[in-house]
Amino acid sequence: MDAGRNWGRNLEYSARELHRPESVAALQAIVRASRGLRPLGSRHSFSAIADTRGDLVETSALPRLVELDEERRTVAVTGGLRYGELAPELDARGWALANLASLPHISIAGSIATGTHGSGVAQPSLAAPVAALELVRADGELARIERGDPGFEGAVVSLGALGVVTRVELDLVPAFRMRQQHYQGLSWDQLLEHLDELMALAYSVGVFTRWTGEDLGTLWVKSTEPLPDEVLGARPAGVVASRVDDGRGTELGAEGPWHERLPHFRLGFTPSNGDELQSEFMVPRAHAVEALEGLRRIAERIEPHLHATELRTVAAEGLWLSSSFEADVLSIGFTWKHHPVEVDRLIREVEEIVLPLGARPHWGKLDHATELDRLYPRLDDFRALADEWDPRGKLRNDYLDRKLFR
């Protein structure tokens, strides 16, 4: 059975069988019968985190659930639902999620399990709003864990090591409206001198850049307040050549619903052809300038193999395996050309610069880091939690063994 490839087309899944159960009872039977399996989300991970030689399980065919609790300000949803499918329905009922990633195409359970994030100095990862999870454990039993329960902080960003998530409860905020604008005309020197000021300019701020030259690139500002006429002399640029200039990108200038401004791409469009590789490192904000300066020193080697780099911020949170665990971070995300050999070498060079500064790699993207205990102080607690929930290691794979369970 051919389980196909991931979105980036750098990984062909090696699963024995791909399952798409249509009920929780069917999922429980699959999990009980399997000797080894992994949950599979929307296939947007570039790492082998979801790969297995056993069974792959997708939950997108489970009965759709969107259950709003206005008194508790939460929504319960099917784990396989995509953010772009949930968001318009919430907005129509007067509610919102506090933040979204750049792609609305990704599944809720998969995004949470890997600590995926948007941007904003006050915005933690997409996992932070999780109030409760229901999941099928390795023994096939359905379990629930909610905020305040022992081990909850380890169960949210779980890398799929505790079970197959069927239901997620998320905190909500009242629906809001935003504008976004692109600004050009900033220099690298201005970014390095005013990094904190620029990233705190609005609700969500990002930078699309390259590493050579003095021109910074494009500042992306997403604001609930009126947009500034200029930013340190940089002026609005309109639609720019940032890989979303052909109708795929969300609208600039005009005010619109939160879910049509926070992502970079529209749900109805494929964000790109997938012929790329990605790596991303979350550097503690205290060391962000040092990391950027170090990467600028290898700019000429990076340049031939790079589509773009995006800089974003993520606020600290208490989830054990979150890349912003107890630290405000600057996310440095590389979208590489599909040059596997050269990119692999460059990722190692990048890691030599950022890992000593405490950078944590994104779980769903490409990296070589294995000495993770110093980066994740609660890693032993997570190992113990995984042993409790899955004592036989049914949900583990080569990736998790190499990263966590050596």
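Predicted model: local features only at pLDDT ≥ 70, side-chain atom pairs only at ≥ 80, totals over all residues.

Visitor: How is a pair of aromatic rings described?

Guide: A pair of aromatic rings is described by the distance of the centres and the angle of the planes. In this structure, a search of the whole model finds eight aromatic pairs. Phe 176 belongs to the loop between strand 10 and strand 11, and Tyr 203 to the loop between helix 6 and strand 12, so the pair ties together parts that are 27 residues apart in sequence.

Visitor: Is Phe 176 buried or exposed?

Guide: Phe 176 is buried, at a relative accessible area of 15%. Tyr 203, at 23%, counts as partly exposed.

Visitor: Which residues do ring pairs link into a cluster?

Guide: The cluster consists of Trp 188, Trp 211, Phe 334 and Trp 336. Rings also have charged groups over them: Arg 137 lies over the face of Trp 389, 4.7 Å from the ring centre, and the charged end of Arg 360 sits over the ring of Tyr 376, at 5.1 Å from its centre.

Visitor: How is empty space shown?

Guide: Rolling a probe the size of a water molecule over the atoms shows where empty space is left. Here the count is four cavities of 30 Å³ or more, and the largest cavity holds about 80 Å³ of space.

Visitor: What lines the largest cavity?

Guide: Its lining has 15 residues, and those nearest the centre are Ser 119, Ser 204, Lys 222, His 264 and Arg 312. Strand 12, strand 13 and strand 17 each give two or more residues to this lining, with the largest share, three residues, coming from strand 12. By class, the lining has five nonpolar, seven polar and three charged residues.

Visitor: How many salt bridges does the structure hold?

Guide: There are 34 salt bridges. In one of them, Lys 403 pairs with Asp 367, the closest N and O atoms being 2.4 Å apart. Lys 403 lies in helix 11 and Asp 367 in the loop between strand 19 and helix 10, so this pair ties together parts that are 36 residues apart in sequence. Lys 403 is buried at 4% relative accessibility, and Asp 367 is buried at 14%.

Visitor: Where do Asp 344 and Arg 348 lie?

Guide: Both are in helix 9, four residues apart, about one turn of the helix.

Technical notes: Residues numbered from 1 in each chain as written. Heavy atoms only, no water. Phe/Tyr/Trp six-rings, centres within 6.5 Å; stacked < 30°, edge-to-face > 60°. Buried < 20%, exposed > 50% of the residue type's maximum accessible area, 1.4 Å probe, protein only. Lys NZ or Arg CZ within 6 Å of the ring centre and 35° of its normal. 1 Å grid on protein atoms, 1.4 Å probe; cavity = no way out; pocket = protein on both sides within 12 Å on 5 of 7 lines; lining within 4 Å. Points joined across faces, edges and corners; volume = space filled by probe spheres on them. Nonpolar A, V, L, I, M, F, W, Y, C, P; charged D, E, K, R; others polar. Salt bridge = Lys/Arg side-chain N within 4 Å of Asp/Glu carboxyl O.
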